[in-house]
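Please walk through the aromatic contacts of the structure shown here, starting with a charge and a ring.

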Amino acid sequence: MRVACLTFWFYDYTIQMANELARHTEVLLLLPDYRSEEYMESIDPKVKVHVFGYSRYAGRFGPSCYPMLRGIVAAINEFEPDIVHFQVNNPMLCPLLPMLRKYPLVATFHDIEPHPGEDRLLDAGSLLYRLTLFISRVLPDRIFVHGKALRDILVENYRIPARKVHVIPIGEHEVAPFVKFEQVGMEPDGLRVLFFGRIHRYKGLDYLIRAEPLITREVPDARIVIAGTGEDFARYEEAMAGRDAFEVRNYRIPYEEGARLFQQASVVALPYVEASQSGVIPTAYGFRRPVVVTDVGSLPEAVDDGETGYVVPPRDPAALAAAIVSLLEDPATCRRMGEQGYAKLKTDMAWATIARSLLAVYSELAPSPGKGKTHADETFVETAPAGGKER
């Protein structure tokens, strides 16, 4: 079997997926040139790589993009895959997918809908995002999502046939760039609660800030570390009742610093009010740290409540604080849950586990030997040169 893996943005995820698949089958990985160089050393030598020139088209969407798209199609045609597996994340998929329709198409949806606060109806970017999601729901033969809750949205709200939608764990993709900077023997630096990642309204940081007085009333030495950037941070600072209880790093966190923050944390908090999934959970598990998450989206599906962390209701500072306090006051439970989270990461959420699910679906779609491609649209012929770089 031959699999072409295409992405415009999810570098870590798609590279690790391709690396694992390459243990079982032939793989072509198609990456954009934007920031691609920093990821090259992490790609398995068995993976064939095609880098396409996306950087000069970023932010532009129109006829000028077609030479790049023709190059992508030509590289895929030359590889002659049995399956094309793409990540849903870019408006360029709108014209590209019909050009690839002669192949069985598989999509991974990391988000089903725009997050609250990010979907402005008349904004061009939001309109393109909606169009991308619509095209990606219509064309693929199979869809992968990171949770049963997300599958239910596709089936119930968008009438996607249930047989087409498969659930896989989010995997270890967020962990790898951090753990290579892990410092052996580093323990939590006091009683620290870590909020990590992009800061936006749907992440519910407001509720962690409101929970702080309840946390420090029971655990006066506790500190809440906020690490990440996003929307204007001023409103969050204004809401901090006890500013000294917070350590704020309001910038894009380098991997080395991020590794240290996870190791220094006792607990990792995800107080989201809406979510699809989150790579913060497997990252916490990778550093053997328990999590406290809210019951939104597919977050609870990645947490064994009471075993690898706690699941609490959203928009409930008291419940959030109670779960965090119970862990801060019980270091032995923190360590036990952290170890169980790590075990879950290396079994249920491991790439080897995910690859078995992917390959089973690919096998259903791939044409039988000797029968050739059987897809509906076999009229497209692409003769343009591939361009880009091959390895």
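In this predicted model, Arg210 lies over the face of Tyr207, at 4.6 Å from the ring centre. A second contact of a charge with a ring involves Arg2, whose charged end sits over Phe79, 4.3 Å from the centre of that ring.

Next come the contacts between rings. A pair of aromatic rings is described by the distance of the centres and the angle of the planes. The structure holds 13 aromatic pairs. One of them joins Phe8 and Phe52: the ring centres are 5.2 Å apart and the planes stand at 65°, which is over the 60 degrees required, so the pair is edge-to-face. Phe8 belongs to the loop between strand E1 (2-6) and helix H1 (11-21), while Phe52 is part of strand E3 (residues 48-52), so their contact ties together parts that are 44 residues apart in sequence. Phe8 has 2% relative accessibility and therefore counts as buried. Phe52, at 3% relative accessibility, counts as buried.

Another pair is formed by Phe178 and Phe262. Their ring centres are 6.0 Å apart with the planes at 65°, so this pair is edge-to-face. Phe178 is in helix H6 (residues 176-179) and Phe262 in helix H9 (residues 255-264); the pair links distant parts of the chain, 84 residues apart. Both Phe178 and Phe262 are buried.

Which residues do ring pairs link into a cluster with Phe178? The cluster consists of Phe178, Phe196, Tyr255, Phe262 and Phe287.

Conventions: Residues numbered from 1 in each chain as written. Predicted model: local features only at pLDDT ≥ 70, side-chain atom pairs only at ≥ 80, totals over all residues. Heavy atoms only, no water. Phe/Tyr/Trp six-rings, centres within 6.5 Å; stacked < 30°, edge-to-face > 60°. Helix = DSSP H or I, 4+ residues; strand = E, 2+ residues; numbered from the N terminus. Buried < 20%, exposed > 50% of the residue type's maximum accessible area, 1.4 Å probe, protein only. Lys NZ or Arg CZ within 6 Å of the ring centre and 35° of its normal.
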